[in-house]
Amino acid sequence: MVWAPEAGDTQLQTLRLLETGPRGLTETQAGTRLLEYGENTIPFQRPASWPRRLARSLRDPFTMVLLALGLVSAVIASWATAGLIVVLVVASCLLRSNGEYWADRSTLALRKLVAATVTVRRRTSEDSEPREREIPIDQLVPGDVIKLGSGDLVPADVRLLRASGLTVHQAPLTGESAPVPKLARDLPNGEDHLLWQGSSVASGSALAVVTATGAGTLFAGAYQAPVRRLSAFDRSVNGISWILIRVMLIIPPVALVANAVLRGMGLEALPFAVAVAVGLTPEMLPVVVTTALARGSALLARHGVIVKRLPSLHDVGAIDVLCMDKTGTLTQDRPVVSGSVGPDGRADPEVLRWAAVNSFWTLHLTDPPTPDPLDEAILESVLDLGDAEGLDATPFDPSRRVSCALVEESGRHVVVVKGAVEAVLERCAMSRQERLRAGEVAEALAEAGARVLAVAVAERHALHRLGEERELELTGFVTVVDEPSPEAAHALTMLARRGIRLKVLTGDHPATAARACRELGLRVEAVVDASALTPQSLDRATVIARCTPEDKARVVTALREAGHTVGFLGDGVNDRPAMSVADVGICPKGAVDVTREAADIVLAAKDLTAVDHAVVFGRRSTGNIITYLRIALSSNVGNVIAMLAAGLALPFLPMLPVQVLVQNLCFDAAQLAFAFDRADPAVLRRPLLLRPRGILRFILGFGALNAVADLVTFAVLTQVVGVAGESAFHTGWFIENMLTQAVIMLLLRPTTGVSRPLGLATGALAAVGLLLPLSPLAGTFGLVALPAAGYLWLLLVAIAYGGALLVLSRRRDWSRDRRRPSAPCR
Ligand SMILES: Nc1ncnc2c1ncn2[C@@H]1O[C@H](COP(=O)(O)OP(=O)(O)OP(=O)(O)O)[C@@H](O)[C@H]1O
């Protein structure tokens, strides 16, 4: 057992207490510690156990209301009603927790494929040299020595041994959103040399020793469960649930009062009133939702798309604006230097040499080195760096947008700064005119399609240390080309055709970004600078350039506030803030750890056509959920209206409570088929959102039609067939309800194709309806055989109902619940 170090311990004391050294642990030591301390996972991130899931599904509001109704039935000794309600609750809870369990298990397996890794320094034996290798973060143990770079998640609580230019986001722990600088120095007070699990590296690099893992970390102790914002999907489902729950709570008292006033009945009408309220509940909603989304995610995984959170599958189908970064997402991120010019625009190889000096020393003096494709491209293009010796360096930081190196050359101490044009120009000592002229030169280079870096130098005295460098002298510009990604153009066309507006949010120059977008075939409506953004220009802009990471997040938030469902696609450390405020975050393969962690959907390849697959599967799953809700609720509402009306008109109850509940159980089982149904091709054309209002309008209309069919049955049974007695009436109505349920399930869908599960489910419903009254179980449920004419008439009513459904649904525009089309942008 190693001792936990304290914040005030020196580096040496910390290493001693942890029984380790800067060369890391041996593999044997690490293995023993893994057994002793367990895997480096946080308890709440493990999948919940079966009993816990079951308990959680009991907390569902529908289940609560059902249980309350069951309790009322038990109090008045209506045991059959209470018993059936318990069966309903148990069945739906078991199905739901089972569905969630498997959905979680499969997404966990998929998530492991994209799990973060860490570079650890270990030795094979005491005497051997340390080797650095990548291991999954759950294999880390206290005493391990690890390397951290820009974009890495801090995988455990660690103490810094070395750090350069290190800034860390520790918002999950402290709430501060700005990155905090960290130092490796020994400090008796303060915590600048400690990093905690849950934070992430914003810039710079570090070598650190692990002080605590798993449940022992500060993060695990301080947090019980991560708090997530409600997604578009959660809000919609909650909206629908609460409307239904209110109606369910109103029904029993209304039915009781009406029966008391009109028929002088007392509490004996309560079981019926309760059964009617139960009849309204879509108990299977959570089951259908989980199954439809889990099935969509499993199918999507075959196309190389991993959905980390199930509801985000709905949300990706609902997005109407997709924001994305440029470098690495739309371009290949394989930059090649194309030239270098002085401030006057004339070719000058010396500018490239200074840029390379900056790249070389920022790469070599940051420990561990932070490789950057731009720096590597610059270094590849220069053969002779001169005799500059590096003294200090701060790597590139997307918020400051510059990198700095301090070198000694020919006895002079020179600061070399390279970065985004405006960030470097504002640090230069130059007149307004000189600045304008230099800006024009850079603009012209960017318009030709190149990425432009500005380079500036300044001589400093021998004791100078790097800080916010000012008063620089502009050396010139380096131009770099980065070819568009070959699949991106096709993917963008597909997404635009699906009614999604595309916006590019980039840290790059407006002209470079606009040119890259045009090369990809994207119609650029407007190009706006992030600093000059207004609500109007935000709406029109296709390219928002010169964005800092915070600007990207600001744009996404503003678009959401304007009523859009916003997706964000990006791969860099500068994309993380935007990713975490978007409705859905998507990242391609190769994204940095922090961005991958914040993303809801991860593409297993770099090919953007996978985003289109995600949108298609998202819309399909949502389409199936909407169909389920429309049909289940239309028929439930229709039945409830008819039962309340018939209950008042008849001298006896129109259906026994047990019959209402058995019928409900059959409907529930059959409706599960919607989770596996085919989707209407039309739903794939526009963003599809689960909208409570649209669904409620639909169910009121078709629910009224269903009630009419029930009341016609009521009239046919009493007036035409002339059934005598309660049992025959109950049986007639029971059969009719089962038949009309099968009809509505087949016909009230936006598509004509019938999947096998749906065919089986509707066939089974009709068979149970027709055969149960003839079976030996008939007596148990108060059912009797009907005369042959009765069956004939009931079939006729079902056919007429089907005809009416067809006529009305043809006249309905199925696309009404889809989002209003936004202007296409290609
Ligand atoms: N390693 C680097 N050294 C110096 N300057 C850099 C470096 N990398 C990028 N820059 C400059 O900073 C600007 C902003 O970079 P940032 O990484 O925020 O965005 P980006 O890579 O241009 O685009 P995107 O946001 O689309 O990924 C770049 O356009 C470039 O001018």
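Colleague: How many nonpolar, polar and charged residues are in the shell around the ligand?

Modeller: Keep in mind that this is a predicted model. The shell around the ligand splits into five nonpolar, eight polar and eight charged residues.

Colleague: And which residues come nearest to the ligand?

Modeller: There are 21 residues around the ligand, and those that come nearest are Lys326, Thr327, Thr506, Gly507 and Asp508. As for elements, helix 13 (373-380), strand 14 (412-420) and strand 15 (451-460) are the ones that give two or more residues to that shell.

Colleague: Which element gives the most to the shell?

Modeller: That's strand 14, with three residues.

Colleague: OK, zooming out. What domains does the chain have?

Modeller: The domain assignment gives domain 1 (1-227), domain 2 (244-299 + 615-815), domain 3 (305-331 + 485-604) and domain 4 (339-479).

Colleague: So where does the ligand lie relative to the domains?

Modeller: Between domain 3 and domain 4, because both of them give residues to the shell around the ligand.

Colleague: How far apart are domain 2 and domain 4?

Modeller: Their C-alpha centres lie 72 Å apart.

Colleague: Which residues make the contact?

Modeller: From helix 12 you have Ala355, Ala356, Ser359, Phe360, Thr362 and Leu363, and from helix 13 Asp375, Ile378 and Leu379. By class, the residues in this contact of helix 12 with helix 13 are six nonpolar, two polar and one charged.

Colleague: New topic: helix 9 and helix 22. Are they roughly parallel or roughly antiparallel?

Modeller: Roughly antiparallel. Helix 9 (residues 270-280) and helix 22 (residues 609-649) pack at an angle of about 160°, with 8 Å between their axes. Angles over 145 degrees count as roughly antiparallel, so this pair qualifies. Helix 9 also passes helix 22 in a left-handed crossing.

Colleague: What do the two helices bring to the contact?

Modeller: Helix 9 brings Phe272, Val276, Gly279 and Leu280, while helix 22 brings Asn636, Val637, Asn639, Val640, Met643, Leu644 and Gly647. Sorted by class, the contact of helix 9 with helix 22 has seven nonpolar and four polar residues, with no charged ones.

Colleague: Last pair. How do the axes of helix 10 and helix 11 cross?

Modeller: Helix 10 (residues 285-301) and helix 11 (residues 311-318) cross at roughly 75°, and their axes come within 8 Å. That makes helix 10 roughly perpendicular to helix 11.

Colleague: Which residues meet there?

Modeller: On the helix 10 side, Leu293, Gly296 and Ser297, meeting Pro311, Leu313 and His314 in helix 11. The contact of helix 10 with helix 11 comes out as three nonpolar, three polar and no charged residues.

Key
Residues numbered from 1 in each chain as written. Predicted model: local features only at pLDDT ≥ 70, side-chain atom pairs only at ≥ 80, totals over all residues. Near = placed C-beta within 6 Å. Helix = DSSP H or I, 4+ residues; strand = E, 2+ residues; numbered from the N terminus. Nonpolar A, V, L, I, M, F, W, Y, C, P; charged D, E, K, R; others polar. Domains from an automatic or database assignment. Contact = placed C-beta atoms within 7 Å. Axes fitted to C-alpha atoms, helices over the stretch in contact; angles between N-to-C directions. Parallel < 35°, antiparallel > 145°, perpendicular 65-115°, else oblique. Left-handed = near helix turned anticlockwise from the far one by under 90°.
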